Amino acid sequence: MSTPSELPPDPAQADEATRIPLKIEDWLTVIVMALLALITFANVLVRYLTNQSFAWTEEFSIFLMIVLALVAGSASVARNRQIRIEYFADSGPPARRRALARFGALMVFLLFALMAVLSSRIVWDQYRYEETSPGIGVPMWWYTIWLPVMSVAIAGRALGLYVRRGRQP
Amino acid sequence: MIPTLLFVAFLALMLLGVPIGAALGLAGAVAIALANADAQWFGLLAVPQNFYAGLGKYPLLAIPMFVLVGSIFDRSGVALRLVNFAVAIVGRGPGMLPLVAIVVAMFLGGISGSGPANAAAVGAVMIAAMSRAGYPPAYSASVVGAAAATDILIPPSVAFIVYSVLVPGASVPALFAAGMIPGVLAGLALILPTVWLARKHSMGALEASLPRPPFWRSLRDATWGLFAPVLILGGMRAGWFTPTEAAVVAVFYGLFVGMVVHRTIRVRDLFVILRESGELSAVILLVVSLAGIFAFSLSTLGVIDPVTDAIVNSGLGEYGVLALLILLLITVGMFLDGVSIFLIFVPLLWPIVQHYNWDPVWFGVILTLKVALGQFTPPLAVNLMVSCRIAGVRMEETVRWVGWMLVSMFMVMVAVIVWPQLALWLPHTLGY
């Protein structure tokens with residue numbers, strides 16, 4: 001018969017303790033998801049009641065979706081739930097598994113640290129040249145500033161995972 | 001030199017268990033930097049630009065919303081009532097409960113857009129019921145995992161949304177319509193080996209002694225669930241909603257059914273539902289956006305055309321190439337999930353599709369059928385992971401059952417390849 005340890009991990013299992021509470025990302029995720037659903041639903045209702053639609057909702061919804069990907073993505077990095085090939089990384093002796101888990105976390109850190117630097121440069125350009133968004137006409141950097149900010153957060157979460165995997169027995 | 005490096009780096013990172021998104025993004029960034037060694041900042045400013053552009057597409061918004069629909073209907077109590085209704089129709093007998101599991105999974109496929117959510121909803125109800133009736137847990141887990149794979153073929157489907165974002169010539173409504181007939185055929189194809197195995201091994205002997213629910217009462221209870229796909233698919237067909245809006249309407253319908261009618265969702269559950277579906281969507285969306293960087297590096301390096309030429313001029317012929325592609329995808333599919341397969345391979349295969357003038361919608365259905373097969377092919381089978389967890393068995397134990405179902409569904413894929421009209425007739429008739 002099978003033992004519980006051989007079963008696939010349960011997503012509902014308790015979170016590992018993190019220095020910065022995951023509640024921050026979780027609450028933001030919940031708020032953004034709820035907003036996305038409410039805005040789109042309101043758009044449907046308004047269109048049927050008044051034959052008009054808010055043109056600004058599309059641009060704002062896309063922005064919210066990008067925020068969702070980054071914010072909830074940050075939580076998923078901390079919980080180590082990214083899609084990856086577990087076949088080789090999750091088998092073999094514990095030392096190898098731990099080393100590969102740390103390597104994976106380090107690569108995520110590297111990518112998002114790079115992303116933070118590069119996207120800061122883009123936001124700076126958009127600020128300098130006063131670019132405005134095509135739909136609503138607000139400054140572009142209002143939208144894009146969240147890419148470097150959240151990239152730093154994701155890189156931090158990856159670093160946290162790297163440290164925690166290092167401490168594991 | 002650089003293209004080879006791109007692929008070797010990407011493969012090595014993936015096999016070492018680095019998250020797919022990070023592997024795609026890093027390999028892409030390194031290739032861009034090497035190709036633009038003289039440019040300002042090594043041309044790397046394209047990295048965040050492509051990240052942002054890969055994500056900033058309105059159709060993608062349907063993904064978090066359909067994931068949310070799946071999560072809500074998972075808890076809405078609809079699955080249990082549909083099962084009771086189905087049992088009331090087909091009655092009790094050997095092989096009937098697995099049949100009900102498949103039919104209900106197909107039906108829920110018309111509400112939710114992702115296989116694992118479907119496996120969770122059906123598994124939660126059916127696996128316990130099947131073990132009470134005397135079916136071995138490994139068999140039940142195989143049936144549920146395989147049946148839930150029809151979900152991504154039967155509209156709505158997250159896989160089709162991702163494909164349509166990647167391929168300009170295939171609209172979401174056309175893909176949804178094209179998946180309908182192959183999806184139903186796949187479900188029917190699963191019923192055959194399932195019932196045959198149940199009879200052959202005389203499983204579920206206790207089933208005949210269980211009570212049969214009364215027909216009219218179970219029909220009344222199931223009405224709310226039965227109406228959901230009518231609302232989603234009918235609303236899209238009638239032009240009332242876009243796919244994204246249909247998903248949102250389904251979200252509120254599901255919340256109403258779960259919170260007011262069946263009272264299985266409490267207010268405090270909303271936090272968990274929104275958080276989990278948000279996180280799952282983000283995992284998918286991050287891979288989508290990071291794959292944008294990889295695709296950009298492929299196109300700037302000009303890797304695709306030489307590879308296409310080599311394949312097209314290999315003398316294999318149209319069907320030889322198609323067979324080779326399917327063999328490749330089946331191998332890859334044992335390790336990679338469906339969305340990642342689409343994101344990595346569709347940009348690579350697209351010139352081949354154009355060379356042979358394959359219909360993009362038909363090709364999308366073939367790829368999705370292949371991904372559906374991958375969802376219950378061990379060792380990396382997302383649906384089986386979910387159903388095995390519910391049944392408390394290891395995936396290795398399902399191999400002896402799942403093989404028959406794989407062969408049966410594979411035949412459906414062959415049929416769609418041989419008769420493309422199985423996929424294309426419905427979208428043409430509906431005028432998409």
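Q: What are the ipTM and pTM scores?
A: This is a predicted model. The ipTM is 0.89 and the pTM is 0.89.

Q: And chain B, what pLDDT does it average?
A: Chain B averages 89. 100% of its residues score at least 70.

Q: OK, helix 16 of chain B. How many residues does it have, and how far does it reach?
A: Helix 16 covers residues 338-355 of chain B, 18 residues in total. From first C-alpha to last, the reach is 24 Å. That is close to the 26 Å expected at 1.5 Å a residue.

Q: Where does the kink in helix 16 of chain B lie?
A: At Val346(B), with an angle of about 50°.

Q: How many residues of helix 16 of chain B are buried?
A: 15 of the 18, so this helix is mostly covered, with buried meaning under 20% relative accessible area.

Q: What comes just after helix 16 of chain B?
A: Asn357(B) takes a positive phi there, about 60°.

Q: Is the lining nonpolar, polar or charged?
A: It divides into 21 nonpolar residues, 2 polar and no charged.

Q: Now helix 11 of chain B. How far does that one reach?
A: Helix 11 of chain B runs over residues 215-237, which is 23 residues. It reaches 30 Å from first C-alpha to last, close to the expected 33 Å.

Q: Where is the kink in helix 11 of chain B centred?
A: On Ala222(B), and the kink is about 50°. Ala222(B) is also among the buried residues of this helix. Others on that list include Gly225(B), Pro229(B), Ile232(B) and Met236(B).

Q: Last one, Leu424(B). Where does it sit?
A: In helix 20 of chain B, residues 421-430.

Q: Why does Leu424(B) count as buried?
A: Because its relative accessibility is 7%, and the cut-off for buried is under 20%.

Q: How far is Leu424(B) from Asp359(B)?
A: They are 65 residues apart in sequence. In space, C-alpha to C-alpha, Leu424(B) and Asp359(B) are 8.8 Å apart.

Note on methods:
Residues numbered from 1 in each chain as written. Chains lettered and ligands numbered in written order. Predicted model: local features only at pLDDT ≥ 70, side-chain atom pairs only at ≥ 80, totals over all residues. Heavy atoms only, no water. Helix = DSSP H or I, 4+ residues; strand = E, 2+ residues; numbered from the N terminus. Expected span 1.5 Å × (residues − 1). Bend = angle between axes of the 7 residues up to and from the residue. Buried < 20%, exposed > 50% of the residue type's maximum accessible area, 1.4 Å probe, protein only. Nonpolar A, V, L, I, M, F, W, Y, C, P; charged D, E, K, R; others polar. pLDDT = per-residue confidence, 0-100.
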